[in-house]
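Let's look at a protein together and ask where its labels come from. Each answer will set a value beside a rule.

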Amino acid sequence: MTSTEQATVANIMSRDVVTLRLEQTLHDGNELMREHRIRHLPVLNEQGHLVGLLDQKVVLKEALRIADHFGSRRLSHHLGRIALNDVISREVLTLSIDTPLVEAGQKFLAHRQGALPVLDAEGHLVGILSSVDFVRLAVALLDTSSS
């Protein structure tokens with residue numbers, strides 16, 4: 001990225017996106033989040049189109065509800081009985097691959113999001129941009145400016 005070209009979402013987004021299918025369960029989402037150490041999972045339908053987003057807050061909220069009602073002993077079992085279809089956020093803000101980083105950052109701040117899926121011109125998921133990506137960028141910029 002040169003100083004004359006405008007930085008876009010494509011410059012810092014994560015391209016290897018871990019996703020869920022709509023027919024999976026909250027247990028599946030919880031396990032993927034734990035395994036990959038992430039907090040947001042795009043949910044795709046059978047055609048591979050984005051239909052929602054599962055975030056860690058939803059998993060924690062449901063886990064607390066289950067533990068309160070059933071106890072924590074069989075939490076995984078109960079999470080496995082909750083369909084993603086019933087708990088995911090369907091109104092998902094998205095970014096295009098060529099969205100300027102300034103605009104993406106403004107969306108993060110205005111909507112208080114932790115991650116935004118990135119779609120190509122045909123609407124296919126090509127990446128995800130998270131607040132962690134912005135922190136990495138800030139650290140890199142600060143590190144080069146102090147050298």
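The model is predicted, with local features needing pLDDT of at least 70 and side-chain atom pairs counting only at pLDDT 80 or more, while totals for chains, interfaces and linings use all residues. Residues are numbered from 1 along each chain as its sequence is written, and side-chain values use heavy atoms, with hydrogens and water left out.

Q: What makes Phe-108 and Phe-134 an aromatic pair, and why is it called edge-to-face?
A: A pair of aromatic rings is described by the distance of the centres and the angle of the planes. Rings of Phe, Tyr and Trp (its six-membered ring) pair if their centres lie within 6.5 Å; planes under 30 degrees apart are stacked, over 60 edge-to-face, and the rest tilted. Here the centres are 5.4 Å apart and the planes make 75 degrees, so this is an edge-to-face pair. A search of the whole structure finds one aromatic pair.

Q: Why does this pair tie together separate parts of the sequence?
A: Phe-108 is in helix α6 (residues 101–111) and Phe-134 is in helix α7, so the pair links parts 26 residues apart in sequence. Helices (H or I, at least four residues) and strands (E, at least two) are DSSP runs, numbered from the N terminus.

Q: How do you know that Thr-25 is buried, and which residues does it touch?
A: Its relative accessibility is 16%, so with the limit for buried at under 20% it counts as buried. Thr-25 is found in the loop between β1 (20–21) and α2 (26–36). Contact means heavy atoms within 4.5 Å. Leaving aside residues up to four places away in sequence, Thr-25 touches Leu-79, Gly-80, Ile-82 and Leu-84.

Q: What makes β4 and β5 paired strands?
A: Two strands pair if DSSP finds at least two bridges between them. Two bridges join β4 to β5 (residues 115–119), so they pair, and they run parallel. In β5, Leu-119 is the bridge partner of Ser-96.

Q: Why is β6 described as largely enclosed?
A: Five of the six residues of β6 are buried, so the rest of the structure largely encloses this strand.

Q: How do you know how the lining of the largest pocket divides by residue type?
A: Ala, Val, Leu, Ile, Met, Phe, Trp, Tyr, Cys and Pro count as nonpolar, Asp, Glu, Lys and Arg as charged, and the others, Gly among them, as polar. Sorted this way, the lining holds five nonpolar, six polar and five charged residues.

Note on methods
Buried means under 20% relative accessible area, exposed over 50%, partly exposed in between (1.4 Å probe, protein chains only).
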